[in-house]
Amino acid sequence: MTWEPTPINNVGRLVDTIAPLAIMLREEVLESLRADRRYAKANNIDENLRPFVGLRRDWRASLYPRATDEEFADGFSQTVVFALVVGLSEGLEFSGLQVPEIARKLQAKHTLLGRALDLLTEHIAGSTVGLAIETIVRALSAARWEQISKGRQDVYLHLYEHFLSAYDPERRKQSGSFYTPVEVVDGMTQLTDEALKKYLNTPDGLSADSVAVIDPAMGTGTYPLSVLRRVAQDAQKYGAGAVSDAVTSAAKRLYGIELQSGPFSVAELRLTQAVRDMGGSLPDGGMNLYVADTLEDPKANSSRQLSYTLQLIAEQRQQANRMKLETPIQVCIGNPPYKDKSEGMGGWIENGDASTLGTPLDDFRLEGNGKTEYVLKNLYVYFWRWAMWKVFESTPESSHGVVCFITATGYLNGPGFKGMRQWIRKNTSRGWIINLTPEGKQPPANTAVFKIETPVSIALFIRDQANDPTVPAEIKYTELHGLRNEKFDALHVLSLEDESFQNTGADWTDGFVPAAEQSWMDLPALSDIFPWVAPGIKPNKTWVYNPNPEILEQRWNDLLLEEDNELKALKFKETRDTTLEKVKIPLAGADTEQETGTPFNKIVWPHSPAIVPVGYRSFDRQYIIADSRLLHMPSPGLWAARSPEQVFIVEFHANMLKAGPGLIFSALIPDMDHFKGSEGGRALPIHHPDGSPNVAPGLLEALSAQLGIKVEVEHLVAYIAAVSAHPEYVSRFAEDLKYTGNRVPLTVDLALWDQAVKLGETVLWLHTFGQRGKAPEGASSIFETFTGVALPSYEKAVGSAMPETAVYEPLSRTLSLGAGLWSEVDPRVWEYTVGGNRVLESWVGYRRAKPKGKKTSPLNDLVTTNWPSEWSKELHEILVVLTHLVQLEEKQADLLDSVLTSSLLDLSTLQGLGVQWPSTAKDRKPRMPGEKLF
């Protein structure tokens, strides 16, 4: 190489240099793996004999048994780059050095990184990967570490943060693992120290020689650093010598596991430097930090005969597994990774081992709750279970301790986490929840503690030696409001005995959220009135949906005609329950694909797809390919329940319900995210698949007896639509709806009942675009002005060009979409929200030239290129429907006021009248045609 590298004298220039080179290296490794496999296949030889496939095999055998090609390539790239950066920080001069020489020099102080660099680069000379590494070494030879670091202790952290934002911005967006603000970390450390001192008979807290601490997803070492600072701070009153002794002791009792070598190398540098800077001494053999997989079976070991170099590297993994099994840990603290749809990534926690029945994750399951427990397949849930095992169960001495994590909030109140909450209440003695995102998902940027959209909370659970598993643990809850810095300030002074903590529910499976007012809990829950509830369609692939059925046909044909098996699988987007080889039971209905007994990869073109209308989002009717082979969790009961009389009530029950109506109603089978486009929800059909009412036994009879009229299920759903499907319901019960699903105030006043049913029939008629409910007197079409106000008028055609956005002008009350123009559009229609999301913006977003939404396949790139006139008609219908609905909201609010001041039927009264509220899983099963009732 004759080119002269650009001088590097600051962190920004260093990142700008290494990030693109690391990306290039990662891609070269992936391509080399593909090339090895192509060569092996073409020459009929064992692919493991090829250099890169063999290297991947060695990597899996020594460090990461579950690494995919992508994970291996990422690990390869980060290991090489950060091994070289660490060498740079240790004063190595790269000019004239070959990579093997750098690796040997690095081993003197950083054994693992040096050996890993040696392993990864041993047999690749002359390859494209080898040339890429030579380029990186050459570029780094121009770096001046003294100028880059400027003596700053936090240079390593800033370096990795900036590196990751350039190298893998998607990971930075999805996870806070590397970016936990130090104010949050220090707050968690302070609370953990308090818990040890006040509740676990450990007066010295984290400074006690008996307290070992682990961060199981260490990242760049921010939590262990916080523990060191806390210990040093506590010792300061005794003098510098005491600080030195305390830090030396703490360094021996600190443990950390990190899966990726990049952040591991940063953590090792930061922690060793911190111990030295605080006057402490490092443990013999270095700190207890491991590059390993936390979730791997602790009893696992490679059965392969390893070379000397591989054995030295594998020792890291083996030491980590010994620590898991043999070392008592009293505190587990950290910010574990978040990733939903993580089936197959939970290692031992998810899969167990051959010596035991069941799996550790099974402890978080609840009998009869299976259909909602797919949410347990999340990395942060796996880490919760691992942490509880490590502190409370892993060794004979593991009887008491503290687990303190900051994670997503879903488990606090979600129905799929009932078993998890029950297990925690049984196996811990106390708990505290600190909700850092009470604003809900996608909080205002200046209030978010992380730059992510997922709500997060701190949870701290303790178990003392007197824990009684027959008594539910007391769980307290508080939430921090305000701007980001205000939340940090509040956390800094927060104590576990603070008066802001509220009691949560006392029953085993209650949410870890404040107990609702008794008057609210006395009302029948919507899910008790309609016992059979089901999640909407969950395909786990977005390409099967589109507002244009012609696009779905194009995608289907493109997939069928694809001849490359690897590309076909990529386009198909395989999941656990949907693969090119799997066969499925067909969905109910003559309009769905019935030949699903044939694997998808055996379908012979031409074969037309079964395309069915679906309720994709609130007021957004789209289409789906109704083929069970494509749908991960199709919710077959809902398909069987479709009928001309069916109404699907859609409820957003597990998360905070923001502005808009409390319920949505659809004549079409709904998607799982129908309500607001994210965070799920559930459907409550008013009829079972056999046509019988999906109503608690005895309820219709009890209402009929109390009101003196015949009450049918159609009357009941209309009443509920009038009472609940408007913003005042959400506003009135805002605090209660933060933590529970909808409840229904049922009046015994016949006049109010009749008024509500009549009004609710109109609401249903509008929500379903005239397909259900009843038109108001004097109207036969939604286009008639029965509410007494002018309806929107479609003045100018949109034309054929695809618009990018809709623009509303409040002064002229006009809505523009491309060349199209609508007049007489009420501002409340433009601002109409469901779950806090604007309906019109969402609808237009799915119909842009570049549609919004997650891409799961190259097939998502097949989109509409010319605006269909049908879409203009659909938009006009939505504008008209919303105009009517906003005019009815005042009547609905007045009606709710009247209902709440009337005599109401509560749960116990109705039970006394013969209503059988659901109490078992059997009570909530759908009734299928031909089934006998007992």
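In which loop does Glu824 lie? Glu824 is in the loop between strand 20 (820-823) and helix 30 (827-830), where helices (H or I, at least four residues) and strands (E, at least two) are DSSP runs numbered from the N terminus. The structure is a predicted model, in which local features need pLDDT of at least 70 and side-chain atom pairs count only at pLDDT 80 or more, whereas totals for chains, interfaces and linings use all residues. Residues are numbered from 1 along each chain as its sequence is written, and side-chain values use heavy atoms, with hydrogens and water left out.

Glu824 is not a glycine, although its phi is positive, at about 55°. With 37% relative accessibility, Glu824 counts as partly exposed; buried means under 20% relative accessible area, exposed over 50%, and partly exposed in between (1.4 Å probe, protein chains only). A positive phi, near 60°, also occurs at Asn540, a residue other than glycine. Asn540 is located in the loop between helix 21 (526-529) and strand 10 (545-546) and is buried, its relative accessible area being 14%.

The loop between helix 23 (565-572) and strand 11 (611-617) contains Lys602. Pro606 is also found in the loop between helix 23 and strand 11, and the peptide bond that leads from Trp605 to Pro606 is cis, with omega near 0°. Lys602 counts as exposed, at 57% relative accessibility. Between the C-alpha atoms of Lys602 and Gly505 the separation is 53 Å, the two residues being 97 residues apart along the chain.

Helix 6 (residues 128-140) consists of 13 residues and reaches 19 Å from its first C-alpha to its last, close to the 18 Å expected at 1.5 Å a residue; the expected span is 1.5 Å times one less than the number of residues. Its buried residues are Val129, Gly130, Ala132, Ile133, Ile136, Val137, Ala139 and Leu140. Among the elements covering these buried residues are helix 1 (11-43), helix 2 (51-62) and helix 3 (69-89), contact meaning heavy atoms within 4.5 Å.

The axes of helix 1 and helix 6 come within 9 Å and cross at roughly 170°. Axes are lines fitted to C-alpha atoms, for helices over the stretch in contact, with angles running from 0 to 180 degrees between N-to-C directions. Helix 1 is therefore roughly antiparallel to helix 6; angles under 35 degrees count as roughly parallel, over 145 as roughly antiparallel, 65 to 115 as roughly perpendicular and the rest as oblique. Residues of helix 1 in this contact include Leu14, Leu21 and Glu28, and those of helix 6 include Val129, Ile133 and Leu140. By class, the contact of helix 1 with helix 6 has 12 nonpolar, 4 polar and 1 charged residues. Here Ala, Val, Leu, Ile, Met, Phe, Trp, Tyr, Cys and Pro count as nonpolar, Asp, Glu, Lys and Arg as charged, and the others, Gly among them, as polar.

Helix 26 (residues 713-724) and helix 32 (residues 869-900) pack with their axes 8 Å apart, at an angle of about 105°, and are therefore roughly perpendicular to each other. Tyr719, Ala721, Ala722 and Val723 of helix 26 make this contact with Gln892, Leu895, Leu896 and Val899 of helix 32. The contact of helix 26 with helix 32 comprises, by class, 7 nonpolar, 1 polar and no charged residues.
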